[in-house]
Amino acid sequence: MLESELHDLSDDADYAASQQQGSASVMLRSDSAKQSSPHEQDDAEVLFSKDNVAIHPTQFASERISGRLKLIKQGSSLFMTWVPYKGHSSEANLSEKDRSLYTIRAVPFTDIRSIRRHTPALGWQYIIVVLSSGLAYPPLYFYSGGVKEFLATIKQNILLVRSAEDANVFLVNDFQNTLQRTLSSLELPRAVSVACGPSNLSVDEPNSPSFNDNQERTNSGANNLSASVPQFHGRPKHKVNDPRDISIQVLEKFSLVTRFARETTSQLFGENQNNGFSGYERRTRIQPNLDQPKKSTDIAEKVPAENPVIPDPKPLDKLSLVWGKPRQPPLDSPEWTAFLDSEGRVTDSEALRKRIFYGGLEHNLRKEVWGLILGYYAYDSTYAEREFLMSVKKSEYETIKNQWQSISKAQAKRFTKFRERKGLIEKDVVRTDRSLAFYEGDDNPNITVMRDILLTYSFYNFDLGYCQGMSDLLAPILFVMGDESEAFWCFVALLERLGPNFNRDQNGMHSQLFALSKLVELLDCPLHNYFQQHDCLNYFFCFRWVLIQFKREFEFEKTMRLWEVLWTHYPSEHLHLYVCVAILKQYRNKIMGEGMDFDNLLKFINELSGQIDLDASLRDAEALCICAGENGAACIPPGTPPSMPIDDGSFYNQLEDEIL
């Protein structure tokens, strides 16, 4: 089937009916809300309702799922819902269970980053709603029009501005004014369950498109809209109480969208490549395929007893000197001392980084060495200079911390966004690595310290603020440093490089997934072609790996060892991308042999957690980096994290113009 045939739905037999039913949609204001059912809470107001808004789980237009889209306001909060109809004749082939998977239940606009509007030459307008995590709901097609009214209603209730990069992208709560941006930075970007997650704002499912709008109900639980949402969290001891990692939960729901919707949603990445990437790609087109077999290695890590996943066997090859390069024992105290002169300066920083790359560090050295490899201390600093810097930075940290600690209760009552951010941080930290003795137990002071560091960082970096996943990055640093101020400044140094992972526009994640796709094309062309044939080129299945640097894929000790290896930037500052390629290559035969599509691939990748051989992956990643050479470096756009961001003055540089 041609691409145009997939997107051209003009042959849909139900379109005529949808045109007639379109008159049922209305714009509801406060007067209509007062006429609604007594079951609807007085403070929950339906501002917008539109029938015949559909998603397409398959490439067949007749199998679309139609429903009603609403904007509901309660207090100062705006929510969006989309509920499919029941018993629609054109959707007889889809079960109620399948239909309910796509239901969007009361997602607050604090969880939404942007809305992308599409107006194709053939067919109907549709929108793609992008969450703060960078993931997206399936495209919503407006069969009876209404996109303009939908955006206008949003703009009347929250700040909505057109992106400077793309005139069809509207950013939610994005500010250009410095003061406004400072305050709005306390708006928490966070992800919510796309389909099945519970919501306190319930919406009755309409029975048909002719369902009377005056009979719509807002569940009596609508007055509890501020209930908790699942967050990023650590691995607790008891799985029964372990809520799923929310970003992956969103991604899993997204994976239920099959080929047609996924092709459309991939434009989130594909179209963004016009922001400098398409031209860059043309300038650095890679011809050779450097796919090389790897030497056989043993699995060094323990594999859980249930459902173990065995890597593909790796035959001997001509590059055995590279693939077989052994890992070394961790750097110990005598060896570390040999790298220092009498005053504490590192005499050969490159040799030190190389040594750490091949073996990591003994745990007792991490507190001293992490500050160096993260850039908190300079390699040529002396013991005395580091002590002095520590005291100066401690005072600076206390000054920043006092900014939020000095907020009175009266101020906090009028500072909604501060309360929301503080609340989310408090929810996140109690779910982060609680299986470790360092963080376990009630009233653990280390949990309080983690909360204080994250709140202080949100005031230190107003533009970036706090995003889910940051607690995962902070937990090992605080565990190693032990000191609140030192942990904070090391965390700051880390986010100088990984901060773009959490930017509102998700350009950091986009550039890394784009680079990953080009590296796979360069280093394993058959695997790249397979992903292309199975609609997997967006590489969303690697999202968690990149976002939090494999934090969920390895045990805590191995995560620390991997991180210190990555922080050396040897042999490449983008080694984490080569680690991604190495892991994919280890399991390529299983992926291709079983014909995994996007859904199965995502499930498979998630189930690899705890089963990946770290040493083998690092050996392979080094070899891939060496094989790729300059061609590999050319695949990675300048400024891709963890490179220092390119300061072009465009950060949060958005147009404050009319959206319509």
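## Packing of helices H25 and H28

In this predicted model, helix H25 (residues 575-586) packs against helix H28 (residues 614-634) at an angle of about 115 degrees, and their axes lie 8 Å apart. The crossing of H25 past H28 is right-handed.

On the H25 side, the contact is made by Leu575, Tyr578, Val579, Val581, Ala582, Ile583, Lys585 and Gln586. H28 contributes Ala616, Ser617, Leu618, Asp620, Ala621, Glu622, Leu624, Cys625, Ala628, Gly632 and Ala633. Sorted by class, the contact comprises 13 nonpolar, 3 polar and 3 charged residues.

Helix H18 (residues 445-460) has 16 residues, which at 1.5 Å a residue should span 22 Å. The C-alpha atoms at its ends are 22 Å apart, in agreement with that expectation.

The buried residues of H18 are Ile447, Met450, Asp452, Ile453, Leu454, Leu455, Thr456, Tyr457, Ser458 and Phe459. These buried residues pack against four helices: H15 (383-405), H17 (416-429), H19 (470-481) and H20 (484-498).

## The nine-stranded sheet

The model also contains an open sheet of 9 strands with antiparallel pairing, in the order S4-S3-S2-S1-S7-S6-S5-S9-S8. Strand S4 (104-108) and strand S8 (160-162) stand at the edges; each has a single partner strand, so one side of each is left without a neighbour in the sheet. From one strand to the next, the twist averages 30 degrees.

Within the sheet, strand S6 (residues 126-131) and strand S7 (residues 140-142) run antiparallel and are joined by 2 bridges. Tyr126 stands opposite Tyr141 in S7.

Conventions:
Residues are numbered from 1 along each chain as its sequence is written. This is a predicted model: local features need pLDDT of at least 70, side-chain atom pairs count only at pLDDT 80 or more; totals for chains, interfaces and linings use all residues. Side-chain values use heavy atoms; hydrogens and water are left out. Two strands pair if DSSP finds at least two bridges between them. Axes are lines fitted to C-alpha atoms, for helices over the stretch in contact, and angles run from 0 to 180 degrees between N-to-C directions. A crossing is left-handed if the near helix is turned anticlockwise from the far one by less than a right angle, and right-handed if clockwise. Contact means heavy atoms within 4.5 Å. Ala, Val, Leu, Ile, Met, Phe, Trp, Tyr, Cys and Pro count as nonpolar, Asp, Glu, Lys and Arg as charged, and the others, Gly among them, as polar. The expected span of a helix is 1.5 Å times one less than its number of residues. Buried means under 20% relative accessible area, exposed over 50%, partly exposed in between (1.4 Å probe, protein chains only).
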